[in-house]
Amino acid sequence: MTALFRMTDVVKHFRVERGVVHAVDGVSLDVAPAEILGLVGESGCGKSTLARLAVRIYAPNSGKIELDGTDITAMGRRELRPHRTRMQMIFQDPFASFNPRATAGRIIEEPLIVHARGDAKERKDRVRWLMDKVGLPPEAAARYPHEFSGGQRQRIGIARALALSPSLIVCDEPVSALDVSIRAQVINLLMKLRADLDVSYIFISHDLSVVAHMADRIAVMYLGKIVELADRQTLWRAPLHPYTRALMSSIPTAGIGGKRAALPLRNVDPPSPLAPPTGCRFHTRCPHAEAICSAQEPPLRAIGSDARKVACHLVTETASDALPVWSSEN
Ligand code: SF4
Ligand code: MG
């Protein structure tokens, strides 16, 4: 696979008053052109930090970040500028990033002005085209952010993110704040735009059912690490990591064969990223934990094919059924 985007062994720690937050701890992943990579995990697992690393809002402590084969890991503001146009971000609450006194048309036009794209007439035409693409009527251009619903604001955010024809859009919980009835509309819009414009997404959510609906591949993150990576169908049909199974068991109708038995976690709350557990970081909650789990960190390794990776001592090439088989009853 030719990667459009690649992260290798990326680490990002934050020093805070009470210690060091291990937000992202050795993450490697890649995204192909026009691919949707879903990234799922509980709040506080480092997803948003990873998003900001991907678009180089943050610089990592170590590791490598590449966009189309160019190493952008350590680039400064000026050097990054031409690459910035190729990676954009969509936020959970677009309203917070809008100037409340700017019209929707102006908000969408902003990146074109900042990056000196076209004259005034060309920019206006581009804005009209973008608004049409995201399903906003032309007259919406003259309205202000507070006049729009949450779903419409997210459409404005998407139009703005698309203005410079990016190759990669990092979507950080883009539908989490929206009513359930609106979520599907925004997700379907993003999928249609991927098909029309060949744009790639890293689509972040705490909700596996949202990611499983649209992603080509899914990465599951736990306390700063990727614990499972697989294509959507494989992960949905046969999740291997106990944490992935726990996430799936919270979805009432997950998987083929209807409801799954809930996998009881030993503790509800995840440990603090200030003091991640030794060995496997999931061992304090994992119902299958053995002595080795707190002593040794399981590497993220390929199982079956290169496309599928799992970080669990109990899941091996020859014994991937070492974990109890899910029953589809009750
Ligand atoms: Fe559970 Fe051990 Fe696997 Fe970690 S390595 S997920 S604690 S069985
Ligand atoms: Mg977040």
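1. The shell around ligand 1 holds nine nonpolar, four polar and no charged residues. Here Ala, Val, Leu, Ile, Met, Phe, Trp, Tyr, Cys and Pro count as nonpolar, Asp, Glu, Lys and Arg as charged, and the others, Gly among them, as polar. In total, 13 residues surround ligand 1. The closest are Cys280, His283, Cys286, Cys293 and Cys312. A residue counts as near a molecule if its C-beta atom, placed from the backbone, lies within 6 Å of it.

2. A word on the model. It is predicted: local features need pLDDT of at least 70, side-chain atom pairs count only at pLDDT 80 or more, and totals for chains, interfaces and linings use all residues. Residues are numbered from 1 along each chain as its sequence is written, while chains are lettered from A and ligands numbered from 1 in the order in which they are written.

3. The chain splits into domain 1 (5-86 + 167-261) and domain 2 (95-165). These bounds come from an automatic or database domain assignment. The two centres, taken over C-alpha atoms, are 25 Å apart. Across the boundary, 10 residues of domain 1 are in contact with 11 residues of domain 2. Contact means C-beta atoms, placed from the backbone, within 7 Å. Helix H6 (residues 180-197) supplies five residues, the largest share of the side of domain 1 that touches domain 2. Helices (H or I, at least four residues) and strands (E, at least two) are DSSP runs, numbered from the N terminus. That side of domain 1 has eight nonpolar, two polar and no charged residues.

4. Next, the nonpolar core. The largest one has 90 residues, and Ala159, Val170, Ile202, Phe203 and Val220 touch the most other members. Such a core is a set of buried Ala, Val, Leu, Ile, Met, Phe, Trp, Tyr and Cys residues joined through C-beta atoms within 7 Å. Strand S2 (residues 19-31) gives the most to this core, six residues. Domain 1 and domain 2 each contribute at least three. Leaving aside neighbours within four places in sequence, Val170 is in contact with Ala51, Ala54, Val55, Met87, Met89 and Ile202.

5. Strand S9 (residues 217-222) is largely enclosed by the rest of the structure, because six of its six residues are buried. Buried means 20 or more other C-beta atoms within 10 Å of the residue's own, exposed 12 or fewer, and partly exposed in between, with C-beta atoms placed from the backbone. Arg217, Ala219 and Met221 lie on one side of S9, and Ile218, Val220 and Tyr222 on the other. Strand S3 (residues 36-40) runs parallel to S9, joined by four bridges; Leu37 has Arg217 as its bridge partner. Strand S10 (residues 225-231) runs antiparallel to S9, with six bridges. There, Tyr222 is partnered by Lys225. Two residues separate the strands of this hairpin, and Leu223 takes a positive phi near 45°.

6. An open, antiparallel sheet of four strands has the order S2-S1-S4-S5. Strands pair if DSSP finds at least two bridges between them. S2 and strand S5 (70-71) are the edges, each with a single partner strand, so one side of each lacks a neighbour in the sheet. Two bridges join strand S4 (residues 62-67) to S5; Glu66 has Asp71 as its bridge partner.

7. Finally, Glu297. This residue lies in the loop between helix H10 (291-295) and strand S11 (301-303). Glu297 is partly exposed, because 17 other C-beta atoms lie within 10 Å. Leaving aside neighbours within four places in sequence, Glu297 is in contact with Gly279 and Cys280.

Terms used:
Contact = placed C-beta atoms within 7 Å.
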